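The following questions and answers examine one protein chain. Each answer works towards the value or name requested.

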Amino acid sequence: MHFCLQNWKKLFFVNRIPFFSPPLFLWVGGGGKGKKNALFLIIFLEDRAKSCKNNFFKKRIVDRPKSVSEFQSVCLWSVPGAGPSSWHQSFPVAKDGSRQSPVDIRNEETERDPTLQPLVLKYDPRSSKTIANNGHSIQVDFDDTTDQSVLKGGPVTGSYRLRQFHFHWGSCDGRGSEHLVDGASFAAELHLVHWNSEKYADVANAAIEPDGLAVVGVFLKIGAANPALQKLLDAFDSVQKENTKADFKNFDPSTLLPPCLDFWTYLGSLTTPPLLESVIWHVLKEPITVSSGQMEQFRSLKFTANKPMQDNFRPPQPLKGRKVRRNF
Ligand SMILES: [Zn+2]
């Protein structure tokens, strides 16, 4: 899924977390006793001073992209030398992380979990706002100031608000999805991105927490033309080029869902930089259909420098001991 953070200060904060967290924990642990508090404050300040000399912290500063545009270029697939195989250079979590996404779902190796609740997706068409070509995908944004459109149930506790949806696709019909099922790709994959509005203030704060985001992945399989998708494709004319946006009101995202909401679930990450490990994934078992002609309309969109937008997917990542559960 995409979540290129627009707020650069937020990303800076994310990179500083390893620097602040341990001493801050000690400081908070001082409780109400004045002497203890003072002692822990000293530990905090000393630790902070040490950290300034720490190679790890220096490396973080060096590794951190210098500007928003540099960061965004890391997100792109169209620039030679960029793309998923190079992301670890700026975002070490790409290789070092323990819960990276997407993954190849080997159904025989998944575990049926009868305690999983049915997935409930309640969407209000009045919450759709705009459609945008952000240079790496096509994205529809939603008003997430109230609980108009929410995800509940499945493996999550509480309610998650819909923020946006976007797609990943290939340069041909035989590839394009991010998740695989038993090694097989689909032509495309839809990601509906929700954030935990019961615990966090906004999507940026949620995106740095292990239970912050809930993303629903829907596979697009070649077949009959999909009329619900066509409403979206008809809006592509106004967002052919990078960094273009148009109004996109009164769209019901539930028209893009299959009749059956059975799912696989596992703990994962964003699939584009900054690759934050904050996503509870719900990958639907049943695909929706898309025709070859409709896929061509996706490929008519443009990356940077007028290149056709295609192959904007990340390959599967190692499970590293994670268990994928299913509700069916
Ligand atoms: Zn995505």
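Two residues are in contact if their C-beta atoms, placed from the backbone, lie within 7 Å.

Q: Among contacts between residues at least 6 apart in sequence, what percentage join residues at least 24 apart?
A: The model is predicted, and its chain has nine helices and 15 strands. Of the contacts between residues at least 6 apart in sequence, the share that joins residues at least 24 apart is 72%.

Q: With which residues is Leu 220 in contact, leaving aside its neighbours within four places in sequence?
A: Once neighbours within four places in sequence are left aside, its contacts are Phe 186, Ala 187, Ala 188, Glu 189, Leu 190, Pro 287, Ile 288 and Val 290.

Q: Within what arc do the buried residues of H9 fall, seen down its axis?
A: In helix H9 (residues 292-299), the buried residues are Gln 294, Met 295 and Phe 298. They line one face of the helix, because seen down the axis of H9 they fall within an arc of 105°.

Q: Which exposed residues does H9 carry on the face turned away from its buried side?
A: The buried residues of H9 pack against strand E7 (160-169), strand E9 (188-196), helix H8 (227-233) and strand E14 (288-290). The face turned away from that buried side carries the exposed residues Ser 292, Gly 293 and Glu 296.

Q: Which residue in E11 is the bridge partner of Asn 133?
A: Strand E4 (residues 128-133) pairs with strand E5 (residues 138-142) in the antiparallel sense over five bridges, and Thr 130 has Asp 141 in E5 as its bridge partner. E4 is also joined by four bridges to strand E11 (residues 244-247), again in an antiparallel arrangement. In E11, the bridge partner of Asn 133 is Thr 244.

Q: What is the phi of Gly 135?
A: E4 and E5 form a hairpin with four residues between them. Gly 135 lies in the turn and has a positive phi of about 90°.

Q: Is Leu 275 buried or exposed?
A: Leu 275 is not a glycine, yet its phi is positive, at about 55°. Its place is in the loop between E12 and E13, where Pro 274 also lies. As Leu 275 has 25 other C-beta atoms within 10 Å, where 20 or more are needed, Leu 275 counts as buried.

Q: Is Lys 320 buried or exposed?
A: Lys 320 is a residue other than glycine with a positive phi, near 50°. Lys 320 is found in the loop between H9 and strand E15 (325-326). With 10 other C-beta atoms within 10 Å, against a limit of 12 or fewer, Lys 320 counts as exposed.

Q: What is the omega of the peptide bond from Pro 273 to Pro 274?
A: Most peptide bonds are trans. A cis peptide bond joins Ser 101 and Pro 102, with omega about 0°. The bond from Pro 273 to Pro 274 is also cis, and its omega is near 15°.

Technical notes:
Residues numbered from 1 in each chain as written. Predicted model: local features only at pLDDT ≥ 70, side-chain atom pairs only at ≥ 80, totals over all residues. Helix = DSSP H or I, 4+ residues; strand = E, 2+ residues; numbered from the N terminus. Arc of directions from axis to C-beta. Pairing = 2+ DSSP bridges.
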